[in-house]
Amino acid sequence: MELHIVYQDNHFLVVKKDFGITQDLLDEGVQEYLIKQNGKLGFCQPLITLSTVSAGLVVYVRSRKAFERMQDADIVYKFLCVTVGKPEPVRGGFSVNVEKLPDGRLGIAPPIKQSFRIGFYYKLLETVSQISLVQISKYNSSIADVRFGLAQLGCPVFGDKLYSGDTLAKNTNLGLMLYGIEFEHPTTRSKMVFKCSPVEDTKPWSYFNLEKLFKI
């Protein structure tokens, strides 16, 4: 498979995963690339993983020392989400205690042993007819948190059948991507900022002026 490489150094390889690509297939592509480039694979561990129906940045850590240091690092994950409807209010923070339900969804729960806290900051960027573009910033990479939280805010992710976000289109990829990651490089201590955009001519992304919005 062809890799969309965003950044590479001795410690990191950052690639963009497209919609419909499994994490396993992406891992295989990265491993083949590194073996072809260096003659051997060496240490290679994804910092996060993405589901097949979502897209965005995946960071592969290429040294064990860097991977260990990244476990305690402050990492900001930024998502772009197309939603059915718009959040009310149009910007703010979302935080709630939840538990995992048998059907794969999250549900609000009291602070019991099996529950955990989720939260993120969100901002409405644009609304076109029945759909909106929402920016999410959070300190972990969980997509499940984003899907549940937006549904609670009254605007489920486009195509998300778990939370009735598929009312406008059935059997589609999620209108959700991890478009930005920010962290401090564990060796150079410089601030690392990575961004990628959706495929702009595919629905539902084509309804929005992404070129303008990505300057935010």
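This is a predicted model: local features need pLDDT of at least 70, side-chain atom pairs count only at pLDDT 80 or more; totals for chains, interfaces and linings use all residues.
In which sense do S6 and strand S7 (residues 106-108) pair, and over how many bridges? The two strands run antiparallel, with 3 bridges between them.

**Strand pairs and hairpins**

- Lysine 100 has leucine 106 of S7 as its bridge partner.
- The hairpin that S6 makes with S7 has 5 residues between the strands, and glycine 104 in this hairpin takes a positive phi near 95°.
- S6 (residues 91-100) also pairs with strand S8 (residues 116-128), where 8 bridges join the two in an antiparallel arrangement.
- To find your way along S8, look for arginine 117, which stands opposite asparagine 97.
- S1 and S2 form a hairpin in which 3 residues lie between the strands.
- Leucine 13 in S2 has glutamine 8 opposite it.

**Helix H1 and its two faces**

- H1 covers residues 23-38, which makes 16 residues, and its first and last C-alpha atoms are 22 Å apart, close to the 22 Å expected at 1.5 Å a residue.
- The buried residues of this helix are Gln23, Leu26, Asp27, Gly29, Val30 and Leu34.
- Viewed down the axis of H1, these buried residues fall within an arc of 165°, so they line one face of the helix.
- Asp24, Glu32 and Lys36 are exposed, and they sit on the face of H1 turned away from its buried side.
- Just after H1 comes glycine 39, with a positive phi of about 85°.

**The nonpolar core**

- The largest nonpolar core has 61 residues, and the ones that touch the most other members are Phe79, Ile136, Leu150 and Ile181.
- Take leucine 150 as a worked case: leaving out residues up to four places away in sequence, leucine 150 touches Cys81, Thr83, Phe120, Val134, Ile136, Cys155, Pro156 and Val157.

**Cysteines**

- How many disulfides does the structure hold? There are 0.
- Cysteine 155 is in no disulfide, and the nearest cysteine sulfur, in cysteine 81, lies 8.7 Å away.
- With a relative accessibility of 0%, cysteine 155 counts as buried.
- For cysteine 196, the closest cysteine sulfur is again in cysteine 81, but the 13 Å between the sulfurs is too far for a bond.
- Cysteine 196 has 8% relative accessibility and therefore counts as buried.

**Phenylalanine 67 in helix H2**

- Phenylalanine 67 belongs to helix H2 (residues 64-70).
- Its contacts, not counting residues up to four places away in sequence, are Phe43, Gln45, Pro46 and Val61.
- From phenylalanine 67 to glycine 119 is 52 residues in sequence and 25 Å in space, C-alpha to C-alpha.

- Glutamate 88 is joined to proline 89 by a cis peptide bond, with omega near -5°.
- Proline 89 is placed in the loop between strand S5 (76-84) and S6.
- The bond from lysine 203 to proline 204 is cis as well, and its omega is near 5°.
- Proline 204 is in the loop between strand S11 (191-195) and helix H4 (210-213).

- Asparagine 171 is a residue other than glycine with a positive phi, near 55°.
- You will find asparagine 171 in the loop between helix H3 (143-152) and strand S10 (176-184).
- Is asparagine 171 buried or exposed? With a relative accessible area of 81%, asparagine 171 is exposed.
- Arginine 189, also not a glycine, has a positive phi near 65°.
- The loop between S10 and S11 holds arginine 189.
- Arginine 189 has 51% relative accessibility, so this residue counts as exposed, given that the cut-off for exposed is over 50%.

Methods
Residues are numbered from 1 along each chain as its sequence is written. Side-chain values use heavy atoms; hydrogens and water are left out. Helices (H or I, at least four residues) and strands (E, at least two) are DSSP runs, numbered from the N terminus. The expected span of a helix is 1.5 Å times one less than its number of residues. Buried means under 20% relative accessible area, exposed over 50%, partly exposed in between (1.4 Å probe, protein chains only). The arc is that of the directions from the helix axis to the C-beta atoms. A disulfide is a pair of cysteine sulfur atoms within 2.5 Å. A nonpolar core is a set of buried Ala, Val, Leu, Ile, Met, Phe, Trp, Tyr and Cys residues joined through side-chain atoms within 4.5 Å. Contact means heavy atoms within 4.5 Å. Two strands pair if DSSP finds at least two bridges between them.
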